[in-house]
Amino acid sequence: MKRIVTVQDISCVGKCSLTVALPIISAMGVEAAVVPTAVLSTHTAFKNFTFCDLTDEIAPICNHWEQEGITFDAIYTGYLGSFRQLELVSDLFRRFGTETNHIVIDPVMADNGKLYAGFTEEFAAKMAELCGAADLILPNLTEAAFLLGIPYNPTPTEEELHVLLRRLTDLGPRRAALTGVSLCEGRLGVMSYDKVTGEYFYYDNEHLPVSFHGTGDIFASTVVGALALGKTANESLALAVDYTVECMRATMADPTHNWYGVNFETAIPYLLSALRR
Ligand code: PXL
């Protein structure tokens, strides 16, 4: 069985980070190991959440795994909260990265033109350095702007997207994929660039008139699970777009849905049948 490790927080309620990555990656038939970086009572869109930092556990966990000879088919980082965590993750990449496994960074820190609470431009610059060690990075347009230290443009043209993607791969990763982009009215999806082949890839689905918390984590988890299973980068990105949209449709169809996350659970059968196609 393929095995990935994901490094991010566990928000006990809120359907994001590990509570999304674990079930999705497991459902795809991939073993999901975790490095929980912090425990929060909820994600940070709630008020008064608790926060317990687990940074000091990261190096001892890695030491033990190294002693046990544990290896991973992919390494996936999501929400990381401090400069020290970025350094420890960089060390984890050096220790567990190989010629053939995939290092995927979702540089979770911003959306809709704004940094999330607690993040700074200095953190974004350090995250950009970390991205240099990845094979694939998955920023949204806001995160891309902060990674590159340039103004946020919510509606880039195709040529502007190409420039952004080339600049993102100049940070170091072979591939960059921009999420939440559109080349066509009423559609929303992803555009990626592979600097080795010079190929741009665009894939979209219906642009639903809603926005939900946690969709970025669903997208990234699906990409990583599919890559670990041996799908190509383009296949993995397309599957993740379709599953994320299906999760949003399932949420909209549920009159009892909560405000803090999407009904990714209901759409897992869709994910598994799309994976088999
Ligand atoms: O969905 C990304 C995410 C992960 N973890 C925490 C968050 C967020 C987004 O706000 O607050 C704690």
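**Strands, helices and charged pairs**

Colleague: How many bridges join strand E2 (residues 31–42) to E3?

Modeller: Strands (E, at least two residues) and helices (H or I, at least four) are DSSP runs numbered from the N terminus, and two strands pair if DSSP finds at least two bridges between them. E2 and E3 run antiparallel, and one example to look at is Ala38, whose bridge partner in E3 is Asp53. The number of bridges joining E2 to E3 is 3.

Colleague: What should I know about the model and its numbering before we go on?

Modeller: This is a predicted model, where local features need pLDDT of at least 70 and side-chain atom pairs count only at pLDDT 80 or more, while totals for chains, interfaces and linings use all residues. Side-chain values use heavy atoms, leaving out hydrogens and water, and along each chain, as its sequence is written, residues are numbered from 1.

Colleague: Which strands are the edge strands of the sheet?

Modeller: The open sheet has 9 strands with mixed pairing, in the order E3-E2-E1-E4-E5-E8-E9-E10-E11. An edge strand here pairs on one side only.

Colleague: In E4, which residue is the bridge partner of Val5?

Modeller: E1 and E4 run parallel and are joined by 4 bridges. As background, strands of a sheet pair through backbone hydrogen bonds, either parallel or antiparallel. In E4, the partner of Val5 is Ile75.

Colleague: Through which helix does the chain cross from E4 to E5?

Modeller: E4 and strand E5 (residues 102–105) pair in the parallel sense over 4 bridges, with Tyr76 opposite Val104 in E5. The β-α-β crossover between them is right-handed, meaning that with the strands pointing away from the viewer, the path from the first strand over the helix to the second runs clockwise. The helix on this path, at residues 83–96, is H3.

Colleague: Are the residues of strand E4 (residues 74–77) buried or exposed?

Modeller: In a regular strand the side chains alternate between the two faces of the sheet. In E4, Ala74 and Tyr76 point one way and Ile75 and Thr77 the other way. Buried means under 20% relative accessible area and exposed over 50%, with partly exposed in between (1.4 Å probe, protein chains only). On that scale, all four of these residues are buried.

Colleague: How far from Asp9 is the nearest side chain of opposite charge?

Modeller: Asp9 sits in strand E1 (residues 3–13), and Asp9 is buried yet has no salt bridge. A salt bridge is a side-chain nitrogen of Lys or Arg within 4 Å of a carboxyl oxygen of Asp or Glu. Lys and Arg count as positive, Asp and Glu as negative, and His and the chain ends are not counted. The nearest opposite charge is on Lys15, at a distance of 15 Å.

Colleague: With which side chain does Asp9 make a polar contact of 2.7 Å?

Modeller: A polar contact is a pair of N or O atoms within 3.5 Å; within protein, one must be able to donate a hydrogen and the other to accept it, and residues adjacent in sequence count only if both atoms are side-chain atoms. The side chain joined to that of Asp9 in this way belongs to Ser11.

Colleague: Glu143 is buried too; which side chain of opposite charge is nearest to Glu143?

Modeller: Glu143 lies in helix H5 (residues 141–148). Setting aside neighbours within four places in sequence, its contacts (heavy atoms within 4.5 Å) include Asp106, Pro107 and Leu138. Glu143 has no salt bridge, and the nearest opposite charge, 14 Å away, is on Lys114.

Colleague: How many salt bridges does a search of the whole structure find?

Modeller: One of them joins Arg3 and Glu31 (3.3 Å, N to O). Arg3 is in strand E1 and Glu31 in strand E2, so this pair ties together parts that are 28 residues apart in sequence. There is also a network linking Glu66, Asp91, Arg94 and Arg95. The search of the whole structure gives a total of 13.

Colleague: Which residue forms a salt bridge with Arg84?

Modeller: The closest N and O atoms of the pair are 2.9 Å apart.
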